[in-house]
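I opened this model to look up its helices, its cores and its charged pairs. My notes follow in the order I took them.

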Amino acid sequence: MQLNDKVAIVTGGASGFGASIARLLSQRGAAVMIADLNLDGAERVAAEIRAAGGRAGATACDVASEQAFRGMVARTRDTIGGLHIVVNNAGTTHRNKPALDVSEEEFDRVYRVNLKSLFWSAHSVLPGFVSQGGGTIVNVASTTGVRPGPGLTWYSGSKAAMINLTKGLALEFARSGVRVNAVNPMIGETAMLGDFMGAEDTPQNRERFLARIPLGRFTRPGDVASAVAFLASDEAAYLTGVCLDVDGGRNI
């Protein structure tokens, strides 16, 4: 499952799932551009990768901005040399609460970050992939896009749309040699855990959510990274439009 001579972008790569994805893609041989609103965090992860012998750069990027997304892609091609893999990992949520308590501002932010980013990703990345005869996109969606979670209605809707868009783009660009897939993590051990639970991150509150997961633990960043690395690799060359649950059996 080597990615030698590949260049990848990982959005939201400064922490959590994104940082783990960036590290693993580098370990598999890819050069990685780490994009995040938190430039200091992105630079720390890039420096860590370089210290381990990998190739990595960092850039600030608001993924919901056309100018920022196009600039990130151009910067990656110019400074690292090429582009073969894009991982749309950057995402956000509203806090777990009743649907009618979510404000318009919260709704707009979730849909800008989780969905408009895919629009600009498609416009910024796919023409280049088509012209070079191939490339792969992996979107980080959510199990709630398949099986909505209580208190996360609007967030779940954004991830359901992401899954549908993954399949639609996969169909449209398959004959151009482009693969588009997604991974669907269950609630994970990241900085947003409290928002997803809608409660303080305590052992007691964690236990309520763990009871829903057959394998008995939260999704770890490494779980998501392994799934993304597989889908990005040539070992998944015959997979497109796949939305792989990384959920410990939650969606069974």
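Predicted model: local features only at pLDDT ≥ 70, side-chain atom pairs only at ≥ 80, totals over all residues.

I then looked for a bend and found a kink of about 40° in α4, centred on Arg 112. After α4 comes Gly 133, with a positive phi near 85°.

Next I checked what Arg 112 pairs with. Its side chain meets that of Asp 62 in a salt bridge, 3.6 Å from N to O. Asp 62 sits in the loop between β3 and α3 and Arg 112 in α4, so the pair ties together parts 50 residues apart in sequence. Arg 112 is partly exposed, at 37% relative accessible area.

I counted the salt bridges: the structure holds five. Another one of them joins Arg 23 and Glu 48, with the closest N and O atoms 2.6 Å apart. This pair links helix α1 to helix α2, across 25 residues. I also noted Asp 223 with Arg 217, at 2.7 Å from N to O.

Last, I looked at the cores. The largest nonpolar core has 31 residues, and Val 10, Ile 21 and Val 228 are among those with the most contacts inside it. Helix α8 supplies the largest share, seven residues. Val 228 touches Ile 21, Val 87, Val 138 and Val 183, leaving out residues up to four places away in sequence. Apart from this core lies another, of 26 residues, including Val 125 and Phe 129.

Conventions
Residues numbered from 1 in each chain as written. Heavy atoms only, no water. Bend = angle between axes of the 7 residues up to and from the residue. Helix = DSSP H or I, 4+ residues; strand = E, 2+ residues; numbered from the N terminus. Core = buried A, V, L, I, M, F, W, Y, C linked by side-chain atoms within 4.5 Å. Buried < 20%, exposed > 50% of the residue type's maximum accessible area, 1.4 Å probe, protein only. Contact = heavy atoms within 4.5 Å. Salt bridge = Lys/Arg side-chain N within 4 Å of Asp/Glu carboxyl O.
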